[in-house]
Amino acid sequence: MYKISILMPTYNDAAYISKSINTILNQSFTNWELIIVNDGSTDGTENIIKSIGDNRIKYFFQENRGQLNAVLNGSHHIEGEIVLLFHSDDELADNEVFSKIVKTMANSPDIDGLYADYITIDQDSNISGIMKRPDEINNEELIRKVFFHKLNA
């Protein structure tokens, strides 16, 4: 059976992280681990994370060194066969996302990864649109989409 490792870098996302973690806790597929790397938050993010009592959550703190370093540090703790990079202000679309991922990976062992649509949310937590996934992904398109999304986050 697959295990999903969710890698979540965070920095000063106290306003969003509870909702983000709850979308993971509410998944019907339960064989997962959430690896949270706090990149030096100063806004109470740590207290929120530590208040959630679930042994599938692994919490690590680092001095502020940037998101990439947080991801790299968290990657050393991955135990699952499937890895999901999930930001602390992201939310899963429904409670079956992990089940769908596992089913797709099990039925298509030749694929290396999955990419889904993003629901975009503005600074007031309102849905502002949907970033649609392309029908086919090449390296240039993937890089453009990732950078475009992060620059407009």
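Predicted model: local features only at pLDDT ≥ 70, side-chain atom pairs only at ≥ 80, totals over all residues.
Figure 1. The buried residues in question are I17, S20, I21, T23 and I24, and, because they fall within an arc of 155 degrees when α1 is seen down its axis, they line one face of the helix. Helix α1 itself, made of residues 17–25, lies across β1 (4–10), β2 and β3, and runs at about 180 degrees to β1.

Figure 2. Four strands form an open sheet in the order β3-β2-β1-β4, with parallel pairing. Strands β3 (57–62) and β4 (82–85) stand at the edges and have a single partner strand each, so that one side of each is left without a neighbour in the sheet. On average, and with direction ignored, neighbouring strands of this sheet are turned by 20 degrees against each other. Strand β2, which spans residues 32–39, pairs with β3 in the parallel sense over six bridges, and Y59 in β3 is the bridge partner of I36.

**Figure 3. Helix α3 against the sheet.** Helix α3, residues 67–75, lies across β1, β2, β3 and β4, and its direction is at about 150 degrees to β1. Its buried residues are A70, V71 and G74, which cover an arc of only 100 degrees around the axis and are therefore on the same side of α3. These buried residues pack against β1, β2, β3 and β4.

Figure 4. K58 forms a salt bridge with E33, in which the closest N and O atoms are 2.6 Å apart. Because K58 lies in strand β3 and E33 in strand β2, the pair ties together parts that are 25 residues apart in sequence. E33 counts as buried, since its relative accessibility is 1%, and a network of salt bridges links K3, E33, K58 and E79.

Figure 5. E91 forms a salt bridge with K19, with the closest N and O atoms 3.9 Å apart. This pair links distant parts of the chain, as E91 is in the loop between β4 and α4 and K19 is in helix α1, 72 residues apart. E91 counts as partly exposed at 36% relative accessibility, and K19 is partly exposed with a relative accessible area of 49%. In a further salt bridge, K100 pairs with D94, the closest N and O atoms being 3.1 Å apart; K100, at 47% relative accessibility, counts as partly exposed, and D94, at 31%, counts as partly exposed.

Methods:
Residues numbered from 1 in each chain as written. Heavy atoms only, no water. Pairing = 2+ DSSP bridges. Helix = DSSP H or I, 4+ residues; strand = E, 2+ residues; numbered from the N terminus. Axes fitted to C-alpha atoms, helices over the stretch in contact; angles between N-to-C directions. Contact = heavy atoms within 4.5 Å. Buried < 20%, exposed > 50% of the residue type's maximum accessible area, 1.4 Å probe, protein only. Arc of directions from axis to C-beta. Salt bridge = Lys/Arg side-chain N within 4 Å of Asp/Glu carboxyl O.
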